[in-house]
Amino acid sequence: MAKKKTAKSTEEFDRRFDEGEDIHDLIDMSKSRIIRHGKKVRITLDVAEELVNEIDRIREKIGVDRGALIKVWLHERVKQEKVTTA
């Protein structure tokens, strides 16, 4: 079996993954690392039902769990704030 050509960009890698291509041969696991973000703390939020419905429509489209999507969004926003306030 011929070796697959590596992706030239993250966009190409993501596209190939999204199209169902087996990308395991494209990943160098020797350079991988596990990131532990510390102790988890439970929080409770009260939000409008319509906002939850909007979040659910988005998460269903991309196939992820509601909590996981919210955590990613929070993480991205915190990173963005760090850059703009630095």
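This section describes the fold, surface and salt bridges of a predicted model. Residues are numbered from 1 along each chain as its sequence is written. Local features need pLDDT of at least 70, side-chain atom pairs count only at pLDDT 80 or more, and totals for chains, interfaces and linings use all residues, while side-chain values use heavy atoms, without hydrogens and water.

The chain holds 3 helices and 0 strands. Helices (H or I, at least four residues) and strands (E, at least two) are DSSP runs, numbered from the N terminus. The order along the sequence is α-α-α. The C-alpha trace spans about 55 × 30 × 25 Å along its principal axes. Contacts (heavy atoms within 4.5 Å) were sorted by sequence separation. Among those with a separation of 6 or more, 0% join residues 24 or more positions apart.

Of the 86 residues, 7% count as buried. Buried means under 20% relative accessible area, exposed over 50%, and partly exposed in between (1.4 Å probe, protein chains only). The accessible surface comes to about 8,500 Å², with 55% belonging to carbon and sulfur atoms. Areas come from the Shrake-Rupley method with a 1.4 Å probe; for residues, only the protein chains shown count as cover.

The salt bridges number 8. A salt bridge is a side-chain nitrogen of Lys or Arg within 4 Å of a carboxyl oxygen of Asp or Glu. Arg16 lies in helix H1. Arg16 counts as buried because its relative accessibility is 9%. Its side chain meets that of Glu21 in a salt bridge (2.8 Å, N to O). Glu21 is partly exposed, at 27%. Glu12, Arg16 and Glu21 form a network of salt bridges. Beyond four places in sequence, Arg16 touches Lys4, Lys5, Thr6, Ala7, Glu21 and Leu26.

Asp56 and Arg66 form another salt bridge, with the closest N and O atoms 2.8 Å apart. This pair links distant parts of the chain, with Asp56 in helix H2 and Arg66 in helix H3 (residues 66-85), 10 residues apart. Asp56 is buried, with a relative accessible area of 13%. Arg66 is partly exposed, at 36%. Glu81 and Arg77 also meet in a salt bridge (2.8 Å, N to O). Both lie in helix H3, 4 residues apart, about one turn of the helix.
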